[in-house]
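Welcome, and thanks for taking a look at this one with me. Below are a few numbered notes to read beside the structure.

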Amino acid sequence: MNTNTKKHMAGRYCMGAILAFLLILLDQGTKYLAVKKLKDQAAYVIIQGVFELHYLENRGAAFGVLQGKKMFFIAITILMIVLLTYVYGRIPAERHFYPLHGICIALFAGAIGNFIDRILYNYVIDFFYFSLINFPIFNVADIYVTCATALFIVLFLFYYKEKDLDRLAALIFPWKKPGVSDHE
């Protein structure tokens, strides 16, 4: 790897880290406000019967599954952070692939935002509640993960072509020969 490539990679990681830090700061700031303004209080109704701010200490995952499995969540989060960091560095630094950079950053920030809560409090602070559909209570980090995942699906279904996906696969999995399936 030449010096220009190393500088370019360092710049990409630096920019990604700054953006992730800002997203994490927003997540943690909203959780701080939730604790200060909502904890031990009645729900704050924004739109009657539709949306409210309701404090919840979630010791599980979405929909309350895997309650009390802190070590499992920590291990999965560390694995995801390593994987996202690797993939982020392998995605081409071209305008066409910028959405994938953003997805990695948002997923990273969401994972870290909830990871911080699990380490500090043994639970995740949630506070957004759509009462109209009785949707599980969630937080800003969850929004990052959900939106990034939805965008990922849309991009892979409608935006990226097969040649783009082949190129990404070759960059992310360099040990795999192009055009050879795992079943051959």
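Predicted model: local features only at pLDDT ≥ 70, side-chain atom pairs only at ≥ 80, totals over all residues.

1. A definition to begin with: on a 1 Å grid over the protein atoms alone, a pocket is an open set of points where a 1.4 Å probe fits, with protein on both sides within 12 Å along at least five of seven lines, and its lining residues have an atom within 4 Å of a point.

2. Numbering starts from 1 along each chain as its sequence is written, and side-chain values use heavy atoms, with hydrogens and water left out.

3. For an overview, the protein chain has five helices and three strands (DSSP runs numbered from the N terminus: H or I of at least four residues for helices, E of at least two for strands). Their order from the N terminus is α-β-β-α-α-β-α-α. Of the 184 residues, 34% count as buried, meaning under 20% relative accessible area with a 1.4 Å probe, protein chains only.

4. Back to the second largest pocket: which residues lie nearest its centre? They are Val87, Cys104, Phe152, Phe156 and Ile172, out of 18 lining residues. Helices H2 (70-90), H3 (98-121), H4 (140-159) and H5 (162-172) each supply at least two residues of the lining. The lining divides into 17 nonpolar residues, one polar and no charged (Ala, Val, Leu, Ile, Met, Phe, Trp, Tyr, Cys and Pro count as nonpolar, Asp, Glu, Lys and Arg as charged, and the others, Gly among them, as polar).

5. Have a look at leucine 23 too, which sits in helix H1 (residues 3-38). Leucine 23 is partly exposed, at a relative accessible area of 25%; that class runs between the buried limit and the exposed one, which is over 50%. Beyond its neighbours within four places in sequence, leucine 23 is in contact with Ile105, Ala106, Ala109 and Tyr144, contact being heavy atoms within 4.5 Å.

6. Finally, strands S1 (residues 44-47) and S2 (residues 51-58) pair in the antiparallel sense over three bridges, where pairing takes at least two DSSP bridges. Valine 45 stands opposite glutamate 52 in S2. Three residues lie between the strands of this hairpin, and glycine 49 takes a positive phi near 75°.
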